[in-house]
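Student: I'm new to this one and would like a close look at a single part. Could you walk me through a pocket and then whatever else is worth a glance?

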Amino acid sequence: MKNSKKLFAQAKKYIPGGVNSPVRAFASVNSVPFFVKKAKGQYVIDEDNKKYIDYIGSWGAQILGHADNRILKVLGATMANGITYGAPCKNETLLAKKITQIYRSIEVVRMVNSGTEATMSAIRLARGYTGKDKIIKFNGCYHGHGDSFLIKAGSGASTFGIPDSLGVTKATARNTISLEYNNIKAVKEAVKKGDIASVIIEPIAGNMNFIRSEKNFLQELRSICTNNKIVLIFDEVMTGFRVCKAGAQKLYNIDPDITTLGKVLGGGLPVGAFGGKKEIMNHIAPMGGVYQAGTLSGNPLAMAAGLKTLEIISEKKFFDMLSKKARQLVAGINKVSKKYNLNVTADSEGGMFGIYFTKSRLKNMNDINLSSKDDFLDFFNYMLKHGVFFAPSMYEAGFISSKHSKKDIDYTIKIFEKWAKARQLLLD
Ligand SMILES: *Cc1c(COP(=O)(O)O)cnc(C)c1O
């Protein structure tokens, strides 16, 4: 860690906290981060030349693994014709068309540069369309760092104990109602009071670890929104192209009004998107009165990487293969955990998984707070020391890429078993 430690000290001089996104700082795992020198396939290599099996993959974006040759090739060829135009190009239409082919609920879609932009724009649109002000979100869900969403937010905001960020005005906070995940009664009561423009939800939550919504809950949400002219937004920035090709909405067979996308969609480049029914989307400028724009939106590099990624993950059996890998990992963890009677449970859907430091699966944010932080910290640091990189927070999900091999997974389970043995001795 010698070189990484030095680099982190230098970074802290010029960058707040030494990082450009808080969870990267490793502060929540009582540690300092390694600095990445390079990444290829399922591995990252740090500045001290230590190699890790990477179960983060840039928070899920790298579904094909790092620096996939097919993506590199297409980026090189595209770049030769210019990096950004600020004027329309063909690939924008091709990518938009591809998204509408994959997502039944999306008729038209607009590209932005991050998930945060997608969700911010989506709720502005919902407000403009309905003429109402309030939004409902759920405790522990993360929708990027827009002001309206930093109320009981998940991900880094929970990790660092600041789910309600400073700097969000009271007026903004008042218009966000944050309710318990999977609790339909709370939604009904809030809707009764009126003025709800939108309900936004991660249909499978990946920013308070990995938590499934219950099918009844989502179905009822759908009908409540329909009956009250509320725009239902599925934030699939993480789950889109990840839990299966067409996201959680396909698994649950429920169509939202608007979907937000990101992460996998950019193939590693900064991309987000929001799309849905024409009737709603046509309220965006230049057609309608809801303003939204972007200097680099739809740039040719990002569009090319996205198109190629979607082409590859659309290959037959891609998701069967990816899901199988995640299930092998999860089954191994559950088996070892049972054998050593540990408070660890794992679950997965497609190429996304969760490891909980409790005896059973989780239902909402309160359940995570019941899990053992000590067990998690010990687990995280042990795995990292042995070259396995999981998210440095109990509030994050894990991600597998198509490049992870059976060997990588077996190795991970082997190290996990070593940890389990040591942990059991310690706890006995
Ligand atoms: C990552 C994420 C975002 C924010 O995307 P950024 O690209 O980090 O701005 C929003 N919603 C969900 C569900 C996410 O997982």
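This is a predicted model: local features need pLDDT of at least 70, side-chain atom pairs count only at pLDDT 80 or more; totals for chains, interfaces and linings use all residues.

Tutor: The space inside the second largest pocket comes to about 680 Å³. If you want to find your way around its lining, look for helix 3 (90-102) and strand 4 (108-112), each of which gives at least two residues to it. Sorted by class, the lining of this pocket holds 15 nonpolar, 11 polar and 3 charged residues.

Now for some helix packing. Two packed helices are described by the angle between their axes and the distance between the axes. Take helix 12 (residues 318-339) and helix 15 (residues 406-427): their axes lie 10 Å apart, at an angle of about 20°. Helix 12 and helix 15 are therefore roughly parallel to each other, and helix 12 makes a right-handed crossing as it passes helix 15. On the helix 12 side, the contact uses Lys325, Gln328, Leu329, Gly332, Ile333, Val336, Ser337 and Lys339, while helix 15 brings Lys406, Ile409, Thr412, Ile413, Phe416, Glu417 and Ala420. Count these contact residues by class and you get 7 nonpolar, 4 polar and 4 charged.

Helix 15 has a contact with helix 14 (residues 373-385) too, and here the axes come within 10 Å and cross at roughly 135°. That angle makes helix 14 oblique to helix 15. The crossing of helix 14 past helix 15 is right-handed. From helix 14 come Asp374, Asp375, Asp378, Phe379, Tyr382 and Met383, and they meet Thr412, Ile415, Phe416, Lys418, Trp419, Arg423 and Leu427 of helix 15. This contact of helix 14 with helix 15 divides into 7 nonpolar, 1 polar and 5 charged residues.

Last, a look at the backbone. Most residues other than glycine have a negative phi, and most peptide bonds are trans. Ala67 has a positive phi, near 50°, and you'll find Ala67 in the loop between strand 3 (51-54) and helix 2 (69-79). Then there's the peptide bond from Ala285 to Pro286, which is cis with omega near 10°. Pro286 sits in the loop between helix 10 (278-281) and helix 11 (300-313).

Note on methods: Residues are numbered from 1 along each chain as its sequence is written. Side-chain values use heavy atoms; hydrogens and water are left out. On a 1 Å grid over the protein atoms alone, a cavity is a set of points where a 1.4 Å probe fits but cannot get out, and a pocket is an open set with protein on both sides within 12 Å along at least five of seven lines; lining residues have an atom within 4 Å of a point. Grid points are joined across faces, edges and corners, and a volume is the space filled by probe spheres set on the points. Helices (H or I, at least four residues) and strands (E, at least two) are DSSP runs, numbered from the N terminus. Ala, Val, Leu, Ile, Met, Phe, Trp, Tyr, Cys and Pro count as nonpolar, Asp, Glu, Lys and Arg as charged, and the others, Gly among them, as polar. Axes are lines fitted to C-alpha atoms, for helices over the stretch in contact, and angles run from 0 to 180 degrees between N-to-C directions. Angles under 35 degrees count as roughly parallel, over 145 as roughly antiparallel, 65 to 115 as roughly perpendicular and the rest as oblique. A crossing is left-handed if the near helix is turned anticlockwise from the far one by less than a right angle, and right-handed if clockwise. Contact means heavy atoms within 4.5 Å.
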